Structure formats: C-alpha cells, structure tokens
There are 2 protein chains.
Amino acid sequence: MRTSIATVSLSGSLTEKLTAAARAGFDGVEIFENDLLASPLTPEEIRDRCADLGLSIDLYQPMRDIEAVPEDEFARNLRRAERKFQLMRRLGADTVLVCSSVSPLAVDDDVLAARQLRQLAELAQEFGMRVAYEALAWGRHVSTYDHAWRIVERADHPALGTCLDSFHILARGSDPKGIEDLPGEKIFFLQLADAPLLAMDVLQWSRHHRCFPGQGGFDVAGLLRHVLRTGYDGPLSLEVFNDVFRQAEAGPTAVDARRSLLVLQESVGVASLPAPVVPTGVAFAELVTPDAEPLAALLGALGFARTARHRGKPVDLWQQGEARILVNTGPAGRRDRTGLAALGLESPDPAGAARRTEALLAPVLPRRRAPQDVPLDAVAAPDGTELFFCATNRPELPNWLTDFEDLEHPAEAPNVHRIDHLALTQPWHHFDEAALFHRSVLGLEAQQSVDVADPYGLLRSRAVTNADGSVRIALTVGAAPTDDTVHAQHIALATDDVVAAARRFREAGGHLLPIPGNYYDDLVARFDLSEAELATYRELGILYDQDAHGVFRHCYTHTVGRVFFELVQRDAGYRGYGAHNAPVRLAAQHAAKAVTGG
Amino acid sequence: MRTSIATVSLSGSLTEKLTAAARAGFDGVEIFENDLLASPLTPEEIRDRCADLGLSIDLYQPMRDIEAVPEDEFARNLRRAERKFQLMRRLGADTVLVCSSVSPLAVDDDVLAARQLRQLAELAQEFGMRVAYEALAWGRHVSTYDHAWRIVERADHPALGTCLDSFHILARGSDPKGIEDLPGEKIFFLQLADAPLLAMDVLQWSRHHRCFPGQGGFDVAGLLRHVLRTGYDGPLSLEVFNDVFRQAEAGPTAVDARRSLLVLQESVGVASLPAPVVPTGVAFAELVTPDAEPLAALLGALGFARTARHRGKPVDLWQQGEARILVNTGPAGRRDRTGLAALGLESPDPAGAARRTEALLAPVLPRRRAPQDVPLDAVAAPDGTELFFCATNRPELPNWLTDFEDLEHPAEAPNVHRIDHLALTQPWHHFDEAALFHRSVLGLEAQQSVDVADPYGLLRSRAVTNADGSVRIALTVGAAPTDDTVHAQHIALATDDVVAAARRFREAGGHLLPIPGNYYDDLVARFDLSEAELATYRELGILYDQDAHGVFRHCYTHTVGRVFFELVQRDAGYRGYGAHNAPVRLAAQHAAKAVTGG
C-alpha cells in the first residue's frame with residue numbers, strides 16, 4: 001500500500017519536512033495548512049518540490065467548523081472553502097480533510113450537517129476535488145466515526161467521503177469492528193497514530209502525546225485490519241502530534257515513522273519482510289577508549305583475563321566465563337571518552353538478521369572492517385551503537401573470534417559467567433524509537449516503562465529482552481539533556497555469588513560504589529535479613545531487591561569515562577533490574593562524582 | 001505562622017535541599033524517606049545539619065500501606081513502623097505521615113482501619129511520636145479528607161491526628177468547607193500544593209504537575225482559610241512533586257517556594273507585607289550591546305532620535321513620543337551579545353514598590369550605580385532582568401532623566417508614541433516562577449497561558465498586564481533549551497498607523513521581516529479585506545489579527561543580537577498579541593536566519 005505522512009508529524013520548515021519524508025521512502029504527504037502558510041514557497045513551488053522528490057500530495061488539511069451552522073455563516077464558510085480549493089488546485093492536491101465542527105455556532109442537526117456538506121462537496125466537485133469528513137474525538141456534536149459516516153451517507157454525494165483517524169476512534173474507546181460496515185470506496189483517507197494509554201483530557205492527549213504505530217498502547221493493527229476488509233485502497237498516512245517530535249531532527253523521525261508503518265503492514269499481512277531472527281545471547285560488548293589502562297585495571301580486578309588480541313587492529317579481547325569485552329584503542333576510541341560502541345549479539349542466522357534490519361531501514365555497516373577480517377553482519381541502532389550479528393564458535397559460519405590471536409588463558413574459576421544485561425542511555429528525542437527498533441527489528445520483547453527518580457530529574461527506563469533472558473538491554477533516557485558522566489552506559493555481569501565477586505574485586509584493587517548506611521537501615525525494615533547478611537551487604541555496598549519470583553543482589557564499580565560495571569546475582573527467576581534501588585545508586589554516583597570532581 | 005517545605009519539592013542531594021530551604025528562610029522541612037535513604041549522612045548528622053541551618057524537622061514521610069490489612073500483615077507493618085520510629089528518634093523528628101493504603105491487601109473496613117491505626121499510635125506514643133493520617137486522592141478505600149478524619153475520630157488516640165493536603169482535597173473536588181468541622185488540635189499537619197487544572201489521571205497529575213500555591217489553578221487560599229478557622233497552628237508546608245523543579249537548581253526553587261507561601265499568608269491575612277504598588281507605565285527599556293552602531297541604525301530608521309546621553313556612563317537615551325530606549329555600551333554590554341538588560345517601570349511610589357519586592361525576596365540592587373547618579377529603586381526579576389521603579393518628570397521625586405544631558409530634539413511627528421509591550425524569554429525552568437513574580441510582586445494581572453507552534457518545538461507564552469494596558473509584558477518559554485537568536489526578546493512599539501510607520505522604517509534603510517505570500521492568501525479566506533489593503537500588508541510584511549474587541553496589525557524588524565522590534569497598531573480595544581500569527585513570524589525568523597547564516 002502507499003504510505004504517507006502528515007507534515008505536522010515532523011520538525012522544521014516545510015522544505016525540511018518534505019525532504020525527510022522523501023528520504024525515508026514515503027510515497028506521499030498530507031500538507032498541514034500552517035506549514036504551508038509559514039513557507040516562503042508558493043503553492044506551485046511546493047507542488048514542484050514534491051514532484052521532484054517523488055512525493056504525491058495526498059491530503060490538504062484541515063478545514064474546520066464548516067457544517068451545521070446558520071445559513072449566513074455557511075455562506076461565509078463556502079467562500080472560504082472556495083479560496084482553499086483554488087489553493088489546492090495550484091498545489092495539485094485533490095482531497096481536503098474537513099474536521100467535525102467544534103464551533104459554538106454549530107447545532108446538533110444531522111440533516112443540516114449533511115445538506116451543507118453536500119453543498120461543500122458540490123463545490124469541491126466543480127474544482128475536481130474530494131472532501132473527507134472526519135469526526136474529531138472532541139467534536140461538538142459529531143465525535144465518533146460512525147456518526148460522521150451516517151452524515152456522509154445521508155449527504156450522498158460522490159465527492160464526499162469519510163476520513164478515519166485511529167487516534168480519534170481508539171481514544172474514544174469506539175469499537176473499530178463497525179468500520180467493516182463502511183463501503184471501502186467511501187473511506188477517502190486513513191490517518192494512523194498510536195498513543196500511550198493516558199487518562200487525560202482527550203484534546204491535550206491528541207495534541208501532545210500521539211506517537212507512531214507500535215510506540216504506544218493502541219491496537220492500531222486491529223483497526224487497520226477492519227479498514228482493509230472494507231476494500232479501502234488509499235494510502236496509510238501517519239498524522240502524529242507529539243511535543244518531542246516537534247523538537248527532534250526531521251530525518252530520523254521520518255525514518256522511524258516509516259519503520260513503524262512497515263512493521264504495521266507486516267503485522268496485518270499486507271507487506272512481507274524478512275522474518276525477525278531473535279538473538280540468542282550476547283557475544284561481546286565493545287568499548288572504545290583513548291587510554292586502555294584504566295579499563296584494563298578495572299577488568300583485571302573484575303577477574304577478566306586479556307585472552308586475545310585482534311590480528312590487524314588495536315583491539316583486545318577480555319574474557320571471563322562467557323562474558324567477553326573488547327577494548328578498542330583504535331581511531332574510534334580517540335574521538336571520544338571511554339564508552340560502549342558496539343554489541344555482538346549471538347544470532348541463529350546472522351545474514352537473515354541483517355536482511356531484516358536493512359528492510360526496516362537500519363543503516364547497514366560494511367561487512368568487513370578490514371580486508372583480512374572475517375565478514376560480519378552489522379547494523380547501527382538508533383543511538384549509534386553498532387550491532388554485530390555473530391555466530392561464535394559455530395563451524396558452519398564465519399566466526400569473529402578467528403580474527404583474534406590467543407594470549408593468556410582465562411581464570412578456571414571465574415567470578416562472572418556472562419553478561420546479564422546492558423544499559424544503554426538513549427538520546428532523549430529517540431526513546432520511543434529505540435524501543436520500537438529493538439522490538440520490531442531485533443524481535444526482542446519490550447517490558448513496562450518505569451520512572452526512576454534521579455536527584456536532578458526523572459529518568460525513564462524500559463527493558464527489551466528475548467524469551468529466556470539471555471539478551472537483556474535496558475534503554476534509559478533523561479527528561480532532558482543530562483550529564484552523561486553520571487547517566488553513563490553500563491555492563492551488568494552475571495555472577496552466582498555477588499559477595500565473593502565483590503570481595504575479589506575489592507581485594508584486587510577495585511573501587512565499589514559506596515552505598516549510604518540509611519539504605520541498609522531501611523532494608524531491615526522491609527525484608528527479613530540476618531544481621532550477618534546485612535553487615536556483608538553494608539560493607540560491600542551490595543543492594544538488595546525481591547520480586548514475586550526471586551531475589552536480586554547487585555553492586556557497582558566506579559565509572560571510567562562513560563562506562564561502569566555492575567555485578568549482579570539474579571536468583572530464582574527474579575525478572576527486574578533493581579529499579580527500586582536505582583535512585584539510591586544514582587545519588588551515590590552523583591556523590592562520588594562530587595568527591596572526585598570527575 | 002511557621003513555614004516548611006518537603007525535601008521532595010527541591011532538586012539535588014539532601015544537603016543541597018536543606019541548604020536551599022534554609023537560605024530561602026524556611027523554618028523547617030519535611031524529610032522525604034527516599035532523600036534520607038540516598039544520603040551519605042547518618043540520621044544524627046542530618047539532625048545536626050538541620051539544627052546548624054536553623055531548620056526543624058517537622059515531618060518524616062511517608063509510611064505507606066499500613067492499615068486495614070490482615071493481622072499477620074499488620075504485625076509485619078508494626079515491626080517496620082518500629083524501625084522507622086527508631087530512625088525518627090535519631091533524626092529528632094516527632095511526626096510521621098501515614099498515607100491511606102493503596103495495597104491490594106487492604107479491605108474496606110473503617111473499624112479495622114481505626115483499630116490498627118490506634119495500635120500504631122500507641123506504639124508511636126511509646127517513642128514520643130505522633131502519627132498524621134492522610135487520605136491519598138487515589139487511596140484504595142480512603143480517598144477523601146473527611147473519610148480519613150472519621151477513621152481518626154473513631155480511633156480516638158492522642159498520638160493520632162490527620163494530615164490535610166490541599167492537592168488531594170482539591171484534586172478530588174471535595175468541598176474544603178467541611179474542614180472547619182475538624183478540631184484544630186487534631187490536624188497534625190498541613191501540606192500545601194497547587195496544580196494547573198488538568199483533566200488527567202490524578203496519580204500522574206499529583207506526581208508530575210504539582211506546583212507552588214499561586215502558580216496553578218486551585219483555590220489554595222480558600223482551603224487555608226477553612227483550616228485556620230479550626231485553630232490549626234502547625235506549620236504551613238509545601239509538598240510539591242514537579243518534573244521541572246526536579247531538574248531546576250534548588251536555590252531559586254526554594255526562594256520561589258517561600259515567596260508563594262508569603263503571598264498565600266498575605267492573602268488569608270496572617271502575614272502583612274508592604275502593599276503592591278502597581279506600575280502605571282513603561283519609563284524605558286535598556287539594551288546592552290558591545291557595538292552601538294547596528295542598534296543606532298535600527299533605532300534611527302524606526303524614527304527614534306538620540307535625545308540625551310548619561311552624564312557619567314556610556315549610555316544613550318533614544319526617544320520617540322513616550323517610547324524611550326537606553327543603549328548601554330558599558331561593561332555590562334561587553335559581557336554578552338546585544339540584549340535587553342533592564343526595564344524602567346513608572347511607579348506611583350517607587351520606594352514602596354521596592355519595599356514590597358524586597359519583602360517578597362527579590363534581590364534589591366544598589367540604589368545608585370555611581371555616586372553622582374540619582375538614587376533609583378531597583379530589583380532583579382527571576383530571569384535576571386533589572387527592574388527600575390521610576391517617577392519620570394514628577395518634581396517631588398528623584399527623576400532618572402536628570403542623570404542625562406540633552407542632545408537633539410525628538411521628531412515632532414513621531415511614528416511611534418510608546419512601548420506597547422515587551423516580550424521576555426524566560427529560562428525554561430522558571431516560567432511559573434516568573435508569572436508568580438510579576439503577579440504577586442509587581443501586582444500585574446496574569447492572562448491565560450497559550451501554546452505557540454514554532455517549527456522546531458512548542459513555546460508557551462503568558463502575558464502579565466496592568467489594568468489599563470499601559471504595562472504589558474509577554475513571558476515566553478520554550479519546551480526545552482532553545483536557540484536564543486530566534487527566541488529573542490523583543491520590544492513592541494505602539495503606532496497609530498502601522499503602514500506609515502513600516503514604510504518610513506523601510507525608506508530609512510530598515511529591514512522588515514518578510515512574510516510568506518501564502519499567509520496573505522489565507523487572510524483573504526479568513527477576513528473581509530480590500531485588495532488594496534491586502535496588497536499593502538503583503539508588500540510590507542504586516543500581519544493581521546482580530547478579536548471580539550478590535551483589530552491588530554503588526555510587523556517586525558530584523559534581529560540585532562538577541563533583540564528585535566515590532567511595530568503594532570492596536571485598534572479599538574484588541575486585547576491580544578497576535579498569537580495566531582506567531583507560528584508564521586517564528587518560521588519567517590528561522591528562514592531569515594538560515595539565509596543570513598546569522
């Protein structure tokens with residue numbers, strides 16, 4: 001099906017919006033009137049610009065407060081509409097959106113509404129135009145899609161149809177099944193938007209909090225299925241009002257938007273994409289750094305051994321159990337402070353995984369970083385992290401480890417056996433995008449989003465995981481641009497005995513994040529812990545949590561650049577990440593930073 | 001009355017919060033449990049820190065999910081409470097807040113709730129503590145203040161009272177008059193918060209959108225009057241959860257908080273402050289600049305004459321009609337780009353106005369900038385703008401103009417007769433604070449807040465005015481830190497003939513902001529304007545608006561540094577500021593900036 005996006009969904013000038021929509025591969029746009037008014041381009045120039053970019057203008061929107069008004073008012077409305085039809089002719093647009101009236105002049109009279117809309121359609125027809133009438137969720141007398149349809153049916157004019165908008169329908173709690181009773185050819189347009197499930201005034205919800213399908217809580221796919229059963233064959237168009245998108249760069253938002261439509265089309269069976277290949281584990285995490293020494297000291301104290309070195313590049317492999325950390329001191333490392341640059345994900349079918357990510361618009365990275373390297377399938381995530389699809393030690397497939405030359409052997413009794421999870425800080429404009437990417441592109445499952453109180457602002461955090469928990473990624477974002485030395489990325493290492501692991505780390509010269517004594521006084525009040533157990537946690541700065549499934553114990557290392565490590569002991573099916581303890585950990589990190597001046 | 005603030009209302013570490021509260025002059029604090037848990041200070045150290053700062057600890061909060069639960073669960077709750085009473089003893093706090101239960105274990109049984117709260121109070125009494133029971137608006141079975149009070153009354157224990165919270169009471173729409181039926185000595189605590197009137201889930205409203213009294217839409221003063229009639233003599237305490245305050249520096253937030261309490265106390269007659277002295281006009285606007293030339297050219301083209309020069313400093317007075325602009329090239333100007341640094345407001349009683357601002361915690365500036373200067377009363381507004389209270393040409397009072405030496409005469413037929421309004425960009429953390437300041441400190445009236453769509457994000461704008469409109473200040477803030485070369489401050493100059501003024505400006509070499517032709521095509525559709533009128537507006541970039549009271553025509557100059565000018569013709573009582581046109585103006589400014597690369 002053809003895809004379209006409303007210019008109001010993107011940030012910037014009209015020219016920037018059109019360019020971003022075209023680059024992301026949309027077939028057409030809805031032109032929002034205010035975007036046109038504010039543009040220095042004439043309608044003819046906008047038409048030509050769209051043509052050059054390969055975009056059709058699928059809708060001009062909106063006309064407001066047209067119908068069910070006294071005759072003298074309606075005469076004025078018709079004159080106004082005539083001006084707009086003239087404009088649309090110059091623009092080369094043939095369909096206009098008319099929203100159900102919110103005017104105090106409007107009366108509750110379907111017969112009058114139908115008669116006036118018929119007159120409008122008559123005028124539209126003279127210009128070769130069509131009118132798509134839509135029920136706003138907060139329309140004065142017409143607020144549901146079936147009511148709008150009854151009026152269109154009564155008006156009975158070939159140039160008058162209805163426009164369906166998933167936001168207005170689902171926000172009102174209307175049953176979308178009734179859509180199937182509409183004749184598809186009378187559905188002139190379909191606008192799609194999702195939204196988080198908020199209990200708030202529907203107008204505010206609509207104007208500030210819409211998001212792309214799959215980013216919110218609406219069953220947009222279910223609605224689309226009903227629409228398709230009518231025989232509708234117009235474009236699928238995204239109309240999203242969102243405070244964050246208004247500020248974000250148009251290019252990435254448009255890519256995100258089109259990805260959401262591709263996934264939506266796949267889910268209703270009208271597009272076929274390479275199937276998701278769910279990762280089955282974490283092969284490695286790659287850190288870049290201008291100075292390997294602090295990281296080497298930290299990894300050594302954690303019990304990692306430098307087991308191998310890349311044959312062609314300054315990259316060391318540090319290993320312990322199945323946990324593998326690459327330390328890269330090449331050119332990328334010198335560009336920035338120490339940070340997490342790449343993830344290797346074990347994949348049952350690396351090439352298939354890469355095909356899906358490419359089909360879903362993720363930038364594909366060169367398969368070989370150097371001519372002699374083993375070819376590896378890799379893409380960039382929305383936050384810029386490189387994702388490698390790996391087949392570690394599987395003889396039938398290229399093995400990234402063959403690029404490495406062995407050095408020392410890892411410890412036989414490791415403290416740490418694998419990477420439990422990775423916490424990735426997201427650019428604040430792209431949090432919903434990141435969750436959609438990891439879910440739809442990688443096939444991971446997104447968990448509930450939680451708010452975490454940092455002393456200097458609220459953070460939002462949302463985990464994406466595979467079914468057996470062998471891949472867990474916690475996506476975190478601040479309420480606004482924040483200090484990234486505290487809101488750093490981190491790597492959580494799984495251990496069977498966090499007490500032993502913490503002690504060995506400390507004895508080897510590592511610095512554990514100190515946790516306030518008050519936290520432990522509170523633990524006693526909340527849980528049945530023995531004095532000895534508590535004393536140990538207090539001594540080592542180990543945090544404690546419990547859910548319905550099990551117990552979680554964890555502690556933190558100091559931070560190097562933008563990265564720190566966590567040691568976690570996840571017992572008996574505990575599912576979370578210690579979110580209850582996060583405010584204490586964040587305050588402790590702020591305090592540690594204040595002390596070191598780091 | 002004593003004033004107090006909950007630590008959760010302020011940003012930062014516990015130490016930062018306590019310091020900010022003390023510096024702002026609060027008598028005490030409520031310690032929020034999570035702030036204590038996250039603090040490296042022991043309870044004894046926190047007690048001592050508060051004592052050193054002159055702060056009492058008026059409340060420890062909260063205990064949750066205590067009452068109306070099965071006996072084994074309640075036994076656990078009592079053990080938990082005992083730990084907290086031990087902690088409070090170390091802290092030197094004697095009152096604990098207990099919130100009505102939200103636990104799924106809680107049953108709807110007032111008799112059980114009363115019996116268990118009585119047992120809790122019995123335990124509290126052994127420690128010399130008191131329990132203040134509060135109805136959360138979303139409590140499972142107890143969600144209104146009168147219900148909470150009936151349970152407290154039934155429990156009938158001297159160590160058990162109730163806590164009233166204006167948010168929970170007013171958000172539920174309860175009638176606060178019933179508070180007067182409570183005995184004052186059983187109201188153990190009073191928490192005050194305001195909130196904007198939002199139709200949203202009450203829990204989310206409470207956790208993210210509370211604000212200080214006078215910043216929202218609640219009648220907090222009305223509620224307080226009812227409480228005072230009970231004989232309540234405990235502290236007035238602010239408990240505010242707000243996403244913005246969480247990120248803002250604690251110091252200014254605490255000052256803002258205490259100012260709101262002072263105004264609240266004044267409004268219910270328990271504090272007496274110097275009366276507001278409402279300004280009666282704008283005496284001058286002062287611009288600082290590192291280079292006077294571009295400003296001089298702009299002012300000259302607008303028809304201003306350089307009428308006087310300061311006797312001791314590099315400050316020129318530019319005048320036209322009653323519009324006066326000071327251009328300061330002194331040290332302040334060299335610190336930054338060209339910008340608006342100060343406002344002179346005509347005041348019937350400059351000294352009285354300064355006394356009120358000082359009583360309401362605005363920083364008072366030195367009365368003389370130099371020894372030979374006329375003494376002038378001046379304070380700093382929250383955004384740092386200096387406010388001078390002036391008595392221009394009033395013989396009985398010091399006249400700032402006597403510091404100036406006359407140069408040329410102003411034009412006899414001025415284009416501009418006075419300053420219509422000033423638009424001041426506010427730091428985004430302090431928008432509500434700025435409105436409260438201008439209203440309560442200066443005695444101006446705050447108008448409705450409006451959202452304005454900029455191409456790169458939403459702005460909020462709110463005007464404050466005096467009764468006859470001779471002082472109008474539009475406060476504007478972006479959704480996040482924004483580009484201040486576009487979101488600049490501006491000075492709007494009143495003219496009786498905007499067409500003549502715009503033409504004279506252009507003929508004198510000034511650059512008018514070009515407005516897109518599409519805007520004028522839309523004007524024709526919206527308003528009955530003659531072709532000639534429209535052609536003139538189109539030629540000059542004049543924008544047009546109409547409200548129920550009259551017509552508004554306006555156009556804009558180019559921007560110098562962070563300042564531009566607007567020419568406005570406000571006919572027949574039009575009350576607004578052309579907000580409908582603001583998106584077009586903002587887009588045009590972005591476009592102009594893209595062209596000049598400025």
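A polar contact is a pair of N or O atoms within 3.5 Å; within protein, one of the two must be able to donate a hydrogen and the other to accept it, and residues adjacent in sequence count only if both atoms are side-chain atoms. In the structure above, the side chain of A:Glu566 makes such a polar contact with the side chain of A:His490, at 2.8 Å, and another with the side chain of A:His554, at 2.8 Å. This is a predicted model, in which local features need pLDDT of at least 70 and side-chain atom pairs count only at pLDDT 80 or more, while totals for chains, interfaces and linings use all residues. Residues are numbered from 1 along each chain as its sequence is written, chains are lettered from A and ligands numbered from 1 in the order in which they are written, and side-chain values use heavy atoms, with hydrogens and water left out.

Chain A as a whole comes next. Chain A holds 19 helices and 24 strands, where helices (H or I, at least four residues) and strands (E, at least two) are DSSP runs numbered from the N terminus. Taken along the principal axes, the C-alpha atoms of chain A fill a box of roughly 85 × 60 × 40 Å. Of the 598 residues of chain A, 60% count as buried, a word that stands for under 20% relative accessible area, with exposed meaning over 50% and partly exposed in between (1.4 Å probe, protein chains only). Contact means heavy atoms within 4.5 Å, and among contacts in chain A between residues at least 6 apart in sequence, 74% join residues at least 24 apart.

To return to A:Glu566, this residue lies in strand 24 (residues 563-570) of chain A. A:Glu566 is buried yet has no salt bridge, and the nearest side chain of opposite charge, that of A:Arg585, is 6.4 Å away. For the charges, Lys and Arg count as positive and Asp and Glu as negative, whereas His and the chain ends are not counted; a salt bridge is a side-chain nitrogen of Lys or Arg within 4 Å of a carboxyl oxygen of Asp or Glu. Leaving aside residues up to four places away in sequence, A:Glu566 touches several residues, among them A:His421, A:Ile491, A:Phe552 and A:Tyr556.

Salt bridges occur elsewhere, and over all chains the count comes to 54. One of them is formed by B:Asp522 with A:Lys84, the closest N and O atoms being 2.5 Å apart. Because B:Asp522 lies in helix 17 (residues 517-526) of chain B and A:Lys84 in helix 4 (residues 71-91) of chain A, this pair joins two chains. Both B:Asp522 and A:Lys84 are buried, and a network of salt bridges links A:Glu33, A:Lys84, B:Asp522 and B:Arg526. Within chain A, the side chains of A:Asp432 and A:Arg460 meet in a salt bridge at 3.6 Å, N to O. Here A:Asp432 lies in helix 15 (residues 431-441) of chain A and A:Arg460 in strand 19 (residues 457-465) of chain A, so the pair ties together parts that are 28 residues apart in sequence. A:Arg460 counts as partly exposed, at 33% relative accessibility. In chain B, the side chains of B:Asp432 and B:Arg460 meet in a salt bridge at 3.7 Å, N to O.

Aromatic rings give another view of the model. Rings of Phe, Tyr and Trp (its six-membered ring) pair if their centres lie within 6.5 Å, and planes under 30 degrees apart count as stacked, over 60 as edge-to-face and the rest as tilted. A search of the whole structure finds 26 aromatic pairs over all chains. The rings of A:Phe284 and A:Trp400 have centres 4.7 Å apart and planes at 55°, so this pair is tilted. Since A:Phe284 lies in strand 9 (residues 281-288) of chain A and A:Trp400 in the loop between strand 15 (386-390) and strand 16 (404-406) of chain A, the pair ties together parts that are 116 residues apart in sequence. A:Phe284 is buried, with a relative accessible area of 3%, and A:Trp400 also counts as buried, at 2% relative accessibility. Ring pairs link A:Phe284, A:Phe388, A:Trp400 and A:Phe404 into a cluster.

Finally, helix 6 (residues 145-155) of chain A has buried residues that include A:Tyr145, A:Trp149 and A:Ile151. What covers the buried residues of helix 6 of chain A includes helix 5 (110-126) and strand 5 (130-134) of chain A. Helix 6 of chain A is followed by A:Asp156, whose phi is positive, near 50°.
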